[in-house]
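The plan is to look things up one at a time and jot down what turns up.

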Amino acid sequence: MLHLITGGARSGKSRYAETLALAHPGPVCYLATAELRGGDAEFAARVEHHRRRRPAAWSQAEAGRGLAAELLRRDAAGGLLLVDCLGMWLMRFFNEDGGFDTAGFEQERAALLAALEQARGEVLLVSNEIGWGVVSANAQTRCFVDELGRVNQAVAEVCQRVTLVACGLPLVLKGEI
């Protein structure tokens, strides 16, 4: 089963996904998508907090831009892949000067959707829901919000279940509990 779990910052979406993964009877692999960039100690602490919460029995892989390839490499019948998160994966397509690799992202997004269709095990995909505020005056931020909204919609379409988490509470938008 494919399950998209979305919500705002600090909504509890990752913790909810981890709770589902802990209940899974088979092997679990955590696919991390965040990229630590020069000297952001606060973000590094967030990543470390997530690492400490994971059980030692879970395997882990760094997905990079090639999330689809890593998903296919780690997928196994009876297993569970926890992808955290699509927003951090999207950030990998923005370069230091604010430019966005549109062609690279479109290619990798298509590859991800195809990989999800082929998945033999369960896949939990965590993503941010950020398009509920005002439209940003910054072009790079607008691009990020637009692209994440589009990828969330495309992933939600192929998932059997979609859950929105707010205030730590899951609300099933698609599929059964």
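Below are my entries, grouped by topic.

**Ground rules**

I'm working with a predicted model, where local features need pLDDT of at least 70 and side-chain atom pairs count only at pLDDT 80 or more, while totals for chains, interfaces and linings use all residues. I number residues from 1 along each chain as its sequence is written, and my side-chain values use heavy atoms, with hydrogens and water left out.

**Entry: Ser127**

I started with Ser127, which sits in strand S5, residues 122–128. My helices (H or I, at least four residues) and strands (E, at least two) are DSSP runs, numbered from the N terminus. Is Ser127 buried or exposed? Ser127 is buried, because its relative accessible area is 0%. For the record, buried means under 20% relative accessible area, exposed over 50%, and partly exposed in between, with a 1.4 Å probe and protein chains only.

Next I checked who touches Ser127, taking contact as heavy atoms within 4.5 Å. Leaving out residues up to four places away in sequence, I found ten names: Leu4, Ile5, Thr6, Gly7, Lys13, Cys85, Leu86, Gly87, Leu148 and Asn152. The side chains of Ser127 and Asn152 also make a polar contact of 2.6 Å. I count a polar contact as a pair of N or O atoms within 3.5 Å; within protein, one must be able to donate a hydrogen and the other to accept it, and residues adjacent in sequence count only if both atoms are side-chain atoms. I also noted that Val151 is 24 residues from Ser127 in sequence, with 9.5 Å between their C-alpha atoms.

**Entry: cysteines**

How many disulfides are there? I got zero, using a pair of cysteine sulfur atoms within 2.5 Å as the rule. Cys159 is buried, at 2% relative accessible area. The sulfur of Cys167 also has Cys85 as its closest cysteine partner, but at 19 Å, so that is too far for a bond. Cys167 counts as exposed, because its relative accessibility is 75%. I found Cys167 in the loop between strand S6 (161–166) and strand S7 (169–174).

A reminder to myself: most residues other than glycine have a negative phi, and most peptide bonds are trans. Cys167 has a positive phi, near 55 degrees. Arg10, not a glycine either, has a positive phi of about 60 degrees. Arg10 is in the loop between S1 and H1, and it counts as exposed at 59% relative accessibility. The peptide bond from Asp84 to Cys85 is cis, with omega near 0 degrees. Cys85 lies in the loop between S4 and H4.

**Entry: nonpolar cores**

I took a nonpolar core to be a set of buried Ala, Val, Leu, Ile, Met, Phe, Trp, Tyr and Cys residues joined through side-chain atoms within 4.5 Å. The largest one has 32 residues, and those touching the most other members are Leu71, Leu86, Leu112, Leu116, Leu125 and Val155. Elements that each supply at least two residues include helix H5 (102–118), S5 and helix H6 (139–158). H6 gives the most, with six residues. A second, separate core has 14 residues, among them Ile5, Trp58, Cys85 and Val126.

**Entry: largest pocket**

What is the volume of the largest pocket? I noted about 600 Å³. On a 1 Å grid over the protein atoms alone, a pocket is an open set of points where a 1.4 Å probe fits, with protein on both sides within 12 Å along at least five of seven lines, and lining residues have an atom within 4 Å of a point. Grid points are joined across faces, edges and corners, and the volume is the space filled by probe spheres set on the points. Of the 28 lining residues, Arg10, Ser14, Arg46, His50 and Asp84 are the closest to the centre of the largest pocket. H2 gives the most to this lining, with seven residues.
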